[in-house]
Amino acid sequence: MSIKKYEVLLKTADLGSFTKTSEVLGYTQSAISHIVTSLEEELGIKLLLRDRFGVRLTQEGEALLPAIREVCQKNQEVERQVALFHDLEVGQVRIGTFLSVSVHLLPGLLHDFSQRHPHITFELLQGSYEDIEHWLSDGRIDMGFLRLPASGSFESILLLEERFLAIFPQDQPPAADGPFPVSQLEQAPYIMRPDSVDAELRDILRKAKYEPRITYSAKDDYAVMAMVEQGLGMSILPELLLRRIPYQLTTRELDPPARRQIGIACKSIQNLPPAARQFLNYVKKSVVR
């Protein structure tokens with residue numbers, strides 16, 4: 001049985017679409033459908049359900065997916081090792097990342113690394129901390145950027161520590177210069193992000209025994225910034241996210257200060273594929289101070 005059929009099934013299951021899979025792998029849509037059908041006939045099992053919304057795994061497909069993913073990963077490892085014997089730098093690195101890293105840290109790293117290693121490719125998945133830890137656990141990615149300490153049993157490397165900053169409209173700065181007292185969150189209108197970043201802040205505020213006066217909620221970081229710019233309230237965001245933004249904002253450090261640690265994690269550094277290990281070493285040299 002061709003390993004390529006497994007790879008096509010895996011990519012189709014991950015993307016949920018024959019069309020998207022054909023675009024990524026360079027096949028026609030009908031060819032992707034034919035390959036999956038051929039695999040189903042060989043196994044005698046229905047693997048995918050097709051409907052007008054796309055494709056999804058059957059129960060049998062869900063049960064077989066971990067083993068199929070492992071087979072594909074082992075095959076990629078063989079190909080990488082053979083490439084090393086031929087003194088070639090090839091392979092794909094699969095990375096989990098979250099927004100501020102995706103926008104302000106990762107592009108520069110990828111650009112400089114790719115200049116040195118043009119035959120190594122990357123697959124990026126963006127999500128929450130919880131998503132990234134799940135992807136690490138099930139082998140969907142080689143490594144992931146995370147807030148430390150991570151909740152999973154991963155090997156991790158601290159890359160940087162960043163401040164949380166209070167943000168205000170540029171034409172409505174706080175009355176006093178200097179750090180913004182966390183105690184004033186009980187009076188100031190606050191725009192909340194209902195996700196893991198504000199979960200960090202809620203932990204900080206809970207320890208300080210303060211509760212913000214929430215007036216608005218937005219899921220997108222840039223929507224929060226736009227709302228603050230329009231004078232709808234203030235908010236608190238990580239420093240890295242506030243680099244090179246198109247919004248007219250004033251920032252203040254918090255009093256007491258609040259910080260988070262950002263690191264990169266994987267199941268086992270020693271067992272990383274060669275290309276992934278090479279990129280991890282590059283990240284350590286480039287980011288860790």
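**View 1. Valine 101 and its contacts.** Leaving out residues up to four places away in sequence, valine 101 touches Leu106, Pro107, Phe145, Leu240 and Ile262, where contact means heavy atoms within 4.5 Å. The model is predicted: local features need pLDDT of at least 70, side-chain atom pairs count only at pLDDT 80 or more, and totals for chains, interfaces and linings use all residues. Residues are numbered from 1 along each chain as its sequence is written, and side-chain values use heavy atoms, with hydrogens and water left out.

**View 2. The largest nonpolar core.** This core has 35 residues, and those with the most contacts inside it are Val93, Val101, Met143, Phe145 and Phe279. A nonpolar core is a set of buried Ala, Val, Leu, Ile, Met, Phe, Trp, Tyr and Cys residues joined through side-chain atoms within 4.5 Å; buried means under 20% relative accessible area, exposed over 50% and partly exposed in between (1.4 Å probe, protein chains only). Among the elements that give two or more residues to the core are strand 3 (91–97), helix 6, strand 5 (143–148) and helix 10 (274–287). Helices (H or I, at least four residues) and strands (E, at least two) are DSSP runs, numbered from the N terminus. Helix 10 gives the most to this core, with seven residues. A second, separate core of 16 residues includes Leu10, Ile35, Val36 and Leu47.

**View 3. Leucine 106 in helix 6.** Leucine 106 lies in helix 6 (residues 106–116) and is buried, with a relative accessible area of 1%. Apart from neighbours within four places in sequence, leucine 106 is in contact with Thr97, Val101, Leu124, Phe145 and Phe279. Its C-alpha atom is separated by 9.3 Å from that of valine 283, 177 residues apart along the chain.

**View 4. Arginine 140 in a loop.** Arginine 140 is placed in the loop between helix 7 and strand 5. Its relative accessibility is 10%, so arginine 140 counts as buried. Not counting residues up to four places away in sequence, arginine 140 touches Asp14, Arg69, Arg94, Glu123, Leu125 and Trp135.

**View 5. The contact of helix 1 with helix 2.** Val8, Lys11, Thr12 and Leu15 in helix 1 meet Phe18, Lys20, Thr21, Val24 and Leu25 in helix 2. The residues of this contact divide into five nonpolar, two polar and two charged (Ala, Val, Leu, Ile, Met, Phe, Trp, Tyr, Cys and Pro count as nonpolar, Asp, Glu, Lys and Arg as charged, and the others, Gly among them, as polar).
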